[in-house]
Amino acid sequence: MEIFKEGDKSKGICNECGKLVFITFKNTPFKYKEFIIPNLLQGFCDECGESVSIPHQSTLKIKEFTEKLK
């Protein structure tokens, strides 16, 4: 498993662009249903700016956040 940090680059399929693109990882708020998870590391398309991926290490933060909602 690769560990990413803010500013790292990778490649991914952008649903908006419909193709393989370079992505840059940034810590930004993530909307989950009607809630906002602050500072979640996500990969964003370098061409259109849409969120393309969430790295594996961010899934624990999502899980912890959703557990608090129960």
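Trainee: What makes the pattern along the sequence β-β-β-β-α?
Mentor: The protein has one helix and four strands, and reading along the sequence gives β-β-β-β-α. Helices are DSSP runs of H or I with at least four residues, strands are E runs of at least two, and both are numbered from the N terminus. Helix α1 covers residues 56-69, and strand β3 covers residues 35-45. Keep in mind that this is a predicted model, where local features need pLDDT of at least 70 and side-chain atom pairs count only at pLDDT 80 or more, while totals for chains, interfaces and linings use all residues. Residues are numbered from 1 along each chain as its sequence is written, and side-chain values use heavy atoms, leaving out hydrogens and water.

Trainee: How do you know that β3 and β4 pair?
Mentor: Two strands pair if DSSP finds at least two bridges between them. β3 and β4 have two bridges, in the antiparallel sense, so the pair meets the definition. In β4, S53 is the bridge partner of G43.

Trainee: Why are β1 and β4 called edge strands?
Mentor: The four strands form an open antiparallel sheet in the order β1-β2-β3-β4. β1 (9-14) and β4 (51-53) each have a single partner strand, so one side of each is left without a neighbour in the sheet. Neighbouring strands there are turned by 60° against each other on average, with direction ignored.

Trainee: And what does helix α1 touch on the sheet?
Mentor: α1 packs on the sheet, touching β2 (19-32) and β3. Contact means heavy atoms within 4.5 Å. The direction of α1 makes about 160° with that of β3; axes are lines fitted to C-alpha atoms, for helices over the stretch in contact, and angles run from 0 to 180 degrees between N-to-C directions.

Trainee: Which residues does T28 touch?
Mentor: T28 sits in strand β2. Leaving out residues up to four places away in sequence, T28 touches I37, P38, N39, L40, Q42 and F44. N39 belongs to strand β3, and has a positive phi of about 50° despite not being a glycine.

Trainee: What share of the protein counts as buried?
Mentor: Of the 70 residues, 31% do. Buried means under 20% relative accessible area, with a 1.4 Å probe and protein chains only.

Technical notes: Buried < 20%, exposed > 50% of the residue type's maximum accessible area, 1.4 Å probe, protein only.
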